[in-house]
Amino acid sequence: MADGTPRAPVASQASAADRLYIIDARNRVERRILLDWVHATAGDLGGEGAPRWVSLAIADGDEALDLDPLRAGLAGGPAREVVPLRVAWRIPGFDRDRALKFRHLIFGDPRQPGPLRARFILWRDRRRAQILVGEAATQGALQARFLSQTGGGDGCESGGAEFAGFVARQAGLALDVAERGIRGSRYKVPRFVADSLRTSPQFRAALADLAQQLGRPVADLYREARPLMKEVIATPGALFLDLRARLDRMMFGGYAPEMEVDAAELAKLRSVLREHPTCILFTHKTYIDGATPSRLTYENDMPMLHSFGGANLDFAVMGTFFRRSGIIFIRRSFQDQPVYKLVLRHYIAWLLAKRFPLSWAFEGTRSRLGKLMPPKYGLMKYVLDAAHATGTRGVHFVPFVTSFDLIRDVEEYAAEQAGRVKKPESLSWFLGYLKSLKQPSGRIRIDLGDPIVIDAAPGPEDKRALETIAFAVAVEANRVTPLTVTSVMCLMLLGAAPRGATAGEVLAGIAAVTAWARARGIRLSKELETGDEAALSATVDTLVASGLLARYEAGSENVYSIDPARHPMASYYRNIIAHHFLDRAMIELALFQLRDADSRDSTEAFWARVDRLRDLFKFEFFYPPRDEHRAAIEAELARIDPAWAKRLANGDRGVAQLIRRCQPLVGHAILLPFAEAYSVVSDILARARPGDTVDEKALIDTALAEGRQAWLLRRISSQAAIGKLLFANGLALMRHMGLAGPATPDSLGARRALLAELRGLANVMESMRLATLALADRLPAAGE
């Protein structure tokens, strides 16, 4: 038999003294089929006399089994061979197409028919009842395994109830392995979790230690743990996994049928899931990107993913569906619930040890700006604490990035950032959202980062190690985020706004950005990588049809632009890739600041400005350590001009030469909205009276109104600079600089100085925009 991991079948020994068959039968029909097979083959298998058998309806460990017949059957010697049997019902076309029908929800999973349905199937075609023979094991081998996995429990003598339960679980696991051989790995689900935890020496020792700490009897803690296990443990089943996959496909109805993913990365993920405890951490850009990891693993026959949900979702029908499709419900807070914490920790560790992968949103909540949000440490800490407490090694955190040509939620996010009250999520809202997903939305692309491998999990109090791991995941997720047609066009058109761009300028700009990215090893979507103009045009048509882009076709050449009211939406797509251009943007902005300086060596001044920009925008981007960041800036400078150090040493003349080699410029398109948003916050605080304090909510409400006024007066260039999170980050910067306390004459002066600095940066970036537009006529036309 198997312990949950695949292994080569054990050949039956013809000279075996006796054999015990464990028949996993749900009803009398299945029992009769299996007994007929046993009696027909017992002679061939070397059995002596009437074959010994025990019938059990092996189910989840929380459902009690009648183990008395099995305890009697295990009364033989250590050489007795235990052979598990099960019927697998084959449904023509079902496994190939996974054609879940509505009737299956009413009459049940056709792969697990009731007695009447089973008789009907047999009447039509007896071959549809396939006999599964699980990996056999001798009773002596099972006793040794029982001792190693449970520490002995109540002993492995023939009459031991715990040993009999262990043998039943091993039989079920062996049959599950055999059934996955015909069903597929997508149906690999955890079984007998509660019993495995209760009989685990680690769990027992931890519970005993906790009982001693709390001064309570161990038996009381066991009784408290039992319902908590039922609350926490997910119980996924094949029918619900199919149903979840069907719903996933429905949600992606407006996208191309096939998700794009690199075959080599897919093969690597398959290997990681098979060989290591794994957590898939996806970046959270939309309501539906949480479904892409489960869809990818299901469609490529990989083990299902356990994901996490709040306990508030565990209600009525929906709670059952979520739990049966692999959702682990956890309470919002349980710091003062030690038994719950212990159960959750050991359950997570059990899943990791048995190679059942976990998945959750790395950022905790959806990004409202398109950028990768700061990581939330809660779930990662639970996992690392579980790995630390149980000694689980080699946990692999796999960054998972989903790129959509169009995200239907973005308009809602942009409206929320502009101050509109978020609509409550209700059934009518959900149905309307599903309807919107049917509209043509382009393609979906999946990118998988290199795993962040944790050989030994840090201790619960090591916050620095937790932050380091989370930062490594974020950096890798950013690294594998590709440039897409949508994001590149939004970057270009927002940078040129309010001017539009002709079709020729668009193609030339895309070619320039693509060549720049390719030279730096930045990933590109399929259309950009191949240069397929037909695919590119199809994507652009989708963007125009959605209203994100505007296309003017009445003139001699098509002109593309973005309506000012849609700048916040377009900025979302631009922000998704902004981190790729950050070093370049800092270089450009620092050079333009030095453009009119004197002719002395500008090297020191250049690095001082880069460091200042790093500090000003530290709440918007993930930076490597300063030394690494400086090395990256130097590498980018070398790509721009190998003689960059000499140019900087030549003062303003060399700076001008470097600027000419930077064309086309992107810095203003990347950093201007942040500088303008921060200037709105600085302006409000600079006008405070001495003694005034800062109320964040009131400040953001005021900033929304003042930002709108600044846009109408064109003191800021785009509505993309008006947003709650942008203003909140501007306030965070001022707190970091010590400027958000009660107003004093000194702090008010510092606020005004910061406002002047930010407005000065905005003016410099406006000059960068004009320089880029001046270059437009010199860009090669399409096809040249």
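Select Ile106 to begin: at 54% relative accessibility this residue counts as exposed, because exposed means over 50% relative accessible area, with buried under 20% and partly exposed in between (1.4 Å probe, protein chains only). Ile106 lies in helix 4 (residues 102–107), where helices are DSSP runs of H or I with at least four residues, numbered from the N terminus. The model is a predicted one, in which local features need pLDDT of at least 70 and side-chain atom pairs count only at pLDDT 80 or more, while totals for chains, interfaces and linings use all residues. Residues are numbered from 1 along each chain as its sequence is written, and side-chain values use heavy atoms, with hydrogens and water left out.

Turn next to helix 20 (residues 485–496), whose 12 residues reach 17 Å from first C-alpha to last, close to the 16 Å expected at 1.5 Å times one less than the number of residues. This helix is mostly covered, with 12 of its 12 residues buried, among them Val485, Met489 and Ala496.

Then select Leu483, Phe606, Phe617 and Leu671, which touch the most other members of the largest nonpolar core, a set of 131 residues; such a core consists of buried Ala, Val, Leu, Ile, Met, Phe, Trp, Tyr and Cys residues joined through side-chain atoms within 4.5 Å. Helix 30 (residues 667–686) supplies the largest share of this core, 12 residues. Apart from this core lies another, of 52 residues, including Leu207, Leu228, Leu466 and Val473.

Finally, centre on Phe606, which touches (heavy atoms within 4.5 Å) Ile587, Ala590, Leu591, Leu594, Ile633, Leu637 and Leu648, not counting residues up to four places away in sequence.

Conventions: Helix = DSSP H or I, 4+ residues; strand = E, 2+ residues; numbered from the N terminus.
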